[in-house]
Structures are given as C-alpha cells and as structure tokens.
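Here is a friendly briefing to read alongside the structure. Have the viewer open as you go, and turn to each spot as it comes up.

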Amino acid sequence: MSRLSSTDAPAAPAVDELRQGVLARMQASLGDALAGSHLIPGDDLWMRVRADAWVAAGEFVRDQLGCDYFCFLSAIDWMPSPYGKGEDDPTEPPPERSTETVPGYAGGDTRMQVFARVYSTKQRFGLTLKADVADDAPHIASWTPVYAGANWHEREAWEMFGITFDGHPNLTHIYLPGDFEGHPLRKDFPLLARMVKPWPGIVDVEPMPGGEETGEAE
Amino acid sequence: MTTVSDRRQLAYIAAQASDARINVELETEGMTLNIGPQHPATHGTLRIITRLDGEMVVWAEPSCGYMHRGYEKLTEVRSFPQVTTLINRIDWLGSFANEVPFILAAEKLMGVEAPARAQYIRTVLFELSRIANVSLFLGDMGVQLGAITPVFYAFRDREHVLNQIEAVTGGRFHPNFDRIGGLKDDLPKGWIDETKATMDKMRSFCDEMEDLLVGNEIFIKRTRGVGVIPRDVALSFGLSGANLRASGVDWDLRRDQKLPMAWDKAEWKVWTHPDGDCFARYWVRLQEVRESTRIIDQLLDSLPAGPIMAKVPRIIKVPEGEAWVSTENPLGEMGYYVISKGDTGPFRVKIRSASFNNISVASWVLKGTFVPDVITILASLYFILGDIDR
C-alpha cells in the first residue's frame, strides 16, 4: 500500500502548481478526512477521502475548486478474482490463487472503493476522487444532490457491485433484469461463459513459435 | 435543479394529479405510454416509459439494458490487444474513435508513445469516424421530424467516408486497426488524394443539409426552443460533446487536454451555441463535420514520413498502475479508466461512454414537453444504443 501512496511518489522533476494547489486546498478543507493522494505532475491527480466525507468532498470540488463537469462515478473491487482469467482447465482442480487485496493509487483499506471523476471546464483539469466502503454491507452517501448525473452511475454501481448509495432517489436496476441475483462486476462473481467452455482465445497470448516472450516486434 | 420554468411547474402539478390517475383540471385520465424498445423512432432498443396528461409528458424515464453486453466484465478476462475488438462495438458508427482512448491509456501506462506518423493517421481516422457517425445524424434528424430526403443524402455521402475507412483498415464498421504503439498498417497508395476528394464531397453534403434543414421553416419551428438544456444542468448531468457545446459550454477535449494526437497540429475551431435547444445541437454538429473535414485536409497535407509502429514487446504486459484517458468522440466524451496489475490483461476497465450520460438527462428534459417533441429531443441528443448499454 505504501508503495503506491503519496509518500514516495514517482520521482518526476516537474512541479505541477495547479494540481498541487488543488491538493493543498483540499487538505486544508477536509483535514483528516483526506486519507491519501497521488499526483503525477502535469498529468493527473487522485485523492482518497474518508467515506463519511464523500459528499462534503464532492461539494468542495464542485463549489470551491470549480469542478462543474461530472464525468463518471463507479466502483472498484480490489480483490483479485479467485477464478483468474477463466482460462483454467475444467478437468483439473483449480490452481491456488492469492485473493489478497492490493489497493491502487492513493491507497485504500477496504476491498471495494467508490471512485468518481470530475473536471473543471474553466481551469481545464480533472481529478479522481476515491472513497473506501466497508466490506460488509457496503454503503456510502449518494452524490445525486451534488451532481445530478450521478443518479444513473450510482444505480449501475449498486447493481454491479452491491454498494448501497444512501439517499439515492431511485436505486433500482438499470441494466440487469429486476430479478437478477448477484453483483456481476464483483471479482468473486464468475464469468459463466468461461466456466462452461474453455476460452479458445487463449492461444492468442501464448508465445509465438520460435519467438521469445519478451522479443521485440520486427 | 434550480431552473424551473412555468411549464415545468405545471408538469410537476400534473404529475401529482396523474399519480391519482385523474387530472383535476381537464378531468382526463393519465396514461402511460411506452416508446420502444421496438419503435421506429428509437435507435436500437431504447425504451422510454412516459406518463402522459393529454399530449404532455409529465414523467419520463428511459429504460436501458436491452443490449447490455457486460464489456467491463469481459475486459477482465482478455489481454490488452484483445480488448479493442470488444470496444469497437460500443459506438458502432464511429468505431475507430472508440479504440483510441483505450490504446492511449495502455500506452500511457507502458510509457510508450506512437511515432508521429501514426499519431497523424490516428487523428485522421478518428475524424473520419466522426464524419461517418455525425453525418448520419445530420440526415436522421430530418427523418425524425418527417423529412425523408436528408437521410438518403446522408447514407449516400457517408458511404464515401466508409469506403475510405475500409480502404485503410479493411473494415467498414469495426476497423480494429489501432495497436499499442502505433497502427496495424500504413495508408494505401493514392488514399490521400481520394480522401481529400471525399472531404470536398462531405463539405458540399454539409451545405446541402444546411439548405435542406437548417433553413427550413418547419425544421426551425420544430426545433427552436424545444428541449432546452441550460448550461448548469448540462454540466451537472455530465453531458458531453456537441450536446454540451450546444448549451454554451466551450469545452472540447481535442483542444483542452494534452494527448499524443495531432489535433494541435491543425487550425480548427470549437463551435458553441448559446441556446441549448434541439436546433443548437443540430447546428453545432453540422459545424463539427465541417471542422473535421478541415482537420483531415490539413493533417494529410502535413503528414510526416516515418515508422507507424513504436518498439513494443510481442507479448504486451502493461506495468502496474492506473490511467484515465478520454477523447472527444463523435458522441461526446469517451474514456477508459484502466487499472493494470502488471499482467497481460487489465485488472479493471471502467468504460465511460458518452451516450450514457447524454441520455440520463432525458427524464429531466422530457418533463413538460409534448409527445412529438419527445422524438425530436431524443434524436437531437443523439445516442447510439451500444454506447448506452456497453
């Protein structure tokens, strides 16, 4: 986790005043609630906030940082899939796989994270906000009062990851049938097509005859 | 939403009455009307559930998912080069444009940059997809309003563009041509001159559309002031592309972010319109096609020589990290949030497609409109079903 957090960010010499200023203002406003950050100068900014400050962070970036444009909201399940890529031989017992959760940029303590991206159309920058959600009965406050566009994205995240968005006006299925059971984008939800028939595309990623695995393309 | 017009307030009151199934004012019964999933006025299988009070829509909700293919899940079991085959089919009218942001995200994580010639050709093909996509809209909008002729012109002239795309990539709809590090192939012989001739045709197509529709009194009456989306609403719903620019927001990712593409090598203009109505959305898209033809002409004139592929390993393994890349696609902002764990395939890909946000505003904007305007508004928001359902 510390490997990817801000404490030892990649050694980029460039100084990004805009994004560093954004980060400093966020820090001043949220204090402890800003749990982690990751900045790639001249490129992008990630900030992780505590779940209880999710709406406050959204309002802050909208009103104070001028991020008026809502891009998307979704979730990440950081647990590696116990089924791998669904390329196991069905006649053999499945191989041992680590299901240890390894978080990404800006760190994380839980298996699932909600993340959202917003832009400032005036200052022309974007940033990604993340928040940890509890492992059992994951829930977080809804962003629909902050950005109206979050409505559908939260419905999608709810059915795909099983994360409840408190205060959402209409948390119903958007893609899946109403009686669908399970949360398909969770890593422990198997891709059934791969379970019933071995994937023929596996041959594409095997080493080419005569070629070395790290060989350069000609 | 703070913007509440009188008509909207009326619609709100009517919605309350319609809940009781009886309109107190006119003593008519409320009615629920399904538009779609199979309906001539819907593209693909979008279903809109509307509650009507007479001719007025008091409540509307799009119902999606009839074509959900689970691409986000499928990317997790594929290798990086295999993913482009899937994402070709998101917005199937501008397929090449779908591939570009994903490939750019993978390249960003790998620290690879395509050679200059590949960047130029990518940009040219990207703009060709935009013309192929948006020119269909320019004709199709007429059909939705009862003008049959424009769509035939659109299909006729779009064919020239598709031929040019096919000549390079081998595919009319699903080119699958972009590779990590560059492109599959170089341009064929004589292609540049043919494309320039095609661009002349597309410019005269735009003039034709302008004569046929933009100056047409019926078209103006049906679109002006219909389906107005104010600036703050458009931003808050995350509308993008021409829908956002038609609401007066000067925001175009081709110009407003740094990407290893060639848009900054050409002179062109980002058009906006202050009105935010159906007419504005049509007009902005019309200008966009014209600008695209200009971009293509200029880039083909200054096309640099050189390789079209950077040095990349034969087996592509993308280093651990997260990257977000989005581009200004024909329908709006299309982006991929790619998380890699150092494997041959992505750990998670969040696909941000333009139509999903663009159509989520429908339940807001359709409230208080009349049934024939529903079709106009949906047509002017311009969605591709595969881009909503993914």
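**Helix packing, interface and core**

Helix H5 and helix H15 (residues 371-381) of chain B pack with their axes 9 Å apart, at an angle of about 175°. Please keep in mind that this is a predicted model.

**Helix H5 with helix H15 in chain B**

- The angle of about 175° is over 145 degrees, so H5(B) and H15(B) count as roughly antiparallel.
- H5(B) brings B:Asp140, B:Met141 and B:Gln144 to this contact, while H15(B) brings B:Ile375, B:Thr376, B:Ala379 and B:Ser380.
- By class, the contact of H5(B) with H15(B) holds three nonpolar residues, three polar ones and one charged one.

**Helix H5 with helix H7 in chain B**

- H5(B) also packs with helix H7 (residues 191-214) of chain B, at an angle of about 20° and with the axes 11 Å apart.
- Because an angle under 35 degrees counts as roughly parallel, H5(B) is roughly parallel to H7(B).
- H5(B) and H7(B) cross in a left-handed sense.
- On the H5(B) side the contact is made by B:Ile131, B:Ser135, B:Leu138 and B:Gly142, and on the H7(B) side by B:Met202, B:Phe205, B:Met209 and B:Leu213.
- Six of the residues in the contact of H5(B) with H7(B) are nonpolar and two are polar, with no charged residues.

**Where the chains meet**

- Chain B places 36 residues in contact with 39 residues of chain A.
- On the chain B side, at least two residues each come from helix H2 (71-75), helix H9 (231-236), strand E6 (321-329), strand E7 (332-340), strand E8 (348-352) and helix H13 (354-360) of chain B.
- The side of chain B that touches chain A is made up of 14 nonpolar, eleven polar and eleven charged residues.

**The nonpolar core**

- The largest nonpolar core has 163 residues, and A:Ile163 and B:Ala106 are those with the most contacts inside it.
- Leaving out residues up to four places away in sequence, A:Ile163 touches A:Ala75, A:Met112, A:Val114, A:Val133, A:Pro138, A:His139, A:Ile140, A:Ala157 and A:Trp158.

**Residues with positive phi**

- A:Ala137 is not a glycine, yet its phi is positive, near 50°.
- A:Ala137 sits in the loop between strand E5 (125-133) and strand E6 (139-141) of chain A.
- With 9 other C-beta atoms within 10 Å, A:Ala137 is exposed, since 12 or fewer count as exposed.
- B:Tyr382 is another residue other than glycine with a positive phi, of about 55°.
- B:Tyr382 lies in the loop between H15 and helix H16 (385-389) of chain B.
- B:Tyr382 is buried, because it has 28 other C-beta atoms within 10 Å and the cut-off is 20 or more.

**A tryptophan in a loop**

- B:Trp92 is found in the loop between helix H3 (80-87) and helix H4 (95-110) of chain B.
- B:Trp92 has 16 other C-beta atoms within 10 Å and is therefore partly exposed.
- Apart from neighbours within four places in sequence, B:Trp92 is in contact with B:Phe173, B:Ile384 and B:Gly386.
- The C-alpha atoms of B:Trp92 and B:His174 are 7.2 Å apart, although 82 residues separate the two along the chain.

Note on methods. Residues are numbered from 1 along each chain as its sequence is written. Chains are lettered from A and ligands numbered from 1 in the order in which they are written. This is a predicted model: local features need pLDDT of at least 70, side-chain atom pairs count only at pLDDT 80 or more; totals for chains, interfaces and linings use all residues. Two residues are in contact if their C-beta atoms, placed from the backbone, lie within 7 Å. Helices (H or I, at least four residues) and strands (E, at least two) are DSSP runs, numbered from the N terminus. Ala, Val, Leu, Ile, Met, Phe, Trp, Tyr, Cys and Pro count as nonpolar, Asp, Glu, Lys and Arg as charged, and the others, Gly among them, as polar. A nonpolar core is a set of buried Ala, Val, Leu, Ile, Met, Phe, Trp, Tyr and Cys residues joined through C-beta atoms within 7 Å. Axes are lines fitted to C-alpha atoms, for helices over the stretch in contact, and angles run from 0 to 180 degrees between N-to-C directions. Angles under 35 degrees count as roughly parallel, over 145 as roughly antiparallel, 65 to 115 as roughly perpendicular and the rest as oblique. A crossing is left-handed if the near helix is turned anticlockwise from the far one by less than a right angle, and right-handed if clockwise.
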